[in-house]
Amino acid sequence: MVNSKVVKKGKKKTKQNGRQKERIKRILESNEPKIIENPKKVLFLYGKRVSMTVKQVLSNFSLLKNNLSVKYTKKNDIQPFQDASSLEFFSKKSETTMFMFGNHNKKRPNNLIIGRMFDYKILDMIEFGVENFIEFTDCVVSPKPGSKPLIIFKGDLFDNSPEKFSAIKNLFLDFFNGGSQQTLNVEGFDHAFVITAINDDLLNLSHYFIVLKNVGKKVPEVKLINIGPSMDLKIRRMKLASEDLKKEALRIPQALRVGKTRNKNIFYDGVGNKEGLLHVKQEAINKISIRKMKALKKKEINSDKKRKQREETLETLK
């Protein structure tokens, strides 16, 4: 009886080990790089000291991100611009590729840092100061869960200052954008984020609910209702990605570069820009039909020879 019990225990252990190995295998496969990546999740976490405004900002944005957010409520002694190792550890632990970090101190009150990860390492991040904050109110109207927002950038600075404001624009597009979709319904756009560049160091971020009114015309009337969160963001510090790291992060997999029927005259550079060669046949310019004009009439090539022949014939006749 003792031996039979030992055998049964051994069988149970082997089954448990097999299940654990399968579970570990599934986890490792989910963490491997994919041709089409999953929608980007955002990690929300507090610093050592936090103001009420910063808490409201993080809770509002985590509510809007819905199922694409991971929020830590415990305070953490982290300084991302000095040492980001703890932030990278939390990002890998929660499997998030973006983060929003909030803290508060005398030197930088109501401080907000938004950043991105590449391979669970800091790619780039921008620090803002929150001013004139208005909280999100869903008592009257609120966007449907899972709906994609419209993102509008206002101001010439987004085009005239490529290095600074293009980085801010790219960061907000990644932050508010959900998963990629093949088809979209226009009526599904029920809210919009408007980001306005006021000057070189100040932005305004507002959130609007879109109402389409039927006024008896083909195009409905559009009305915007400010539902928050809305705030002024003062640009403080920036840490942009290096050129090598940026190229590596923007690299497109080979499977997406080449289609089903490969054309050898079409190729992609390291960043993924599509380039091609065009071979045009040489055109017969002499055969092109153009408008006939007296000035463009073709002159006789052998006019001198014909004149001499006429003169000779006249002399012979005399």
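**Exercise 1.** Determine whether valine 222 is buried or exposed.

*Solution.* Valine 222 has a relative accessible area of 51%. Buried means under 20%, exposed over 50%, and partly exposed in between, with a 1.4 Å probe and protein chains only. Valine 222 is therefore exposed. The model is predicted: local features need pLDDT of at least 70, side-chain atom pairs count only at pLDDT 80 or more, and totals for chains, interfaces and linings use all residues. Residues are numbered from 1 along each chain as its sequence is written, and side-chain values use heavy atoms, with hydrogens and water left out.

**Exercise 2.** Classify the ring pair of phenylalanine 172 and phenylalanine 176.

*Solution.* A pair of aromatic rings is described by the distance of the centres and the angle of the planes. Rings of Phe, Tyr and Trp (its six-membered ring) pair if their centres lie within 6.5 Å; planes under 30 degrees apart count as stacked, over 60 as edge-to-face and the rest as tilted. A search of the whole structure finds eleven aromatic pairs. For phenylalanine 172 and phenylalanine 176, the centres are 5.9 Å apart and the planes at 10°, so this pair is stacked. Both residues are buried.

**Exercise 3.** Classify the pair of phenylalanine 175 and phenylalanine 176, and state which cluster contains them.

*Solution.* The centres of phenylalanine 175 and phenylalanine 176 are 5.2 Å apart, with 85° between the planes; the pair is edge-to-face. Both residues are buried. They belong to one aromatic cluster, formed by Phe44, Phe61, Phe128, Phe172, Phe175, Phe176 and Phe193.
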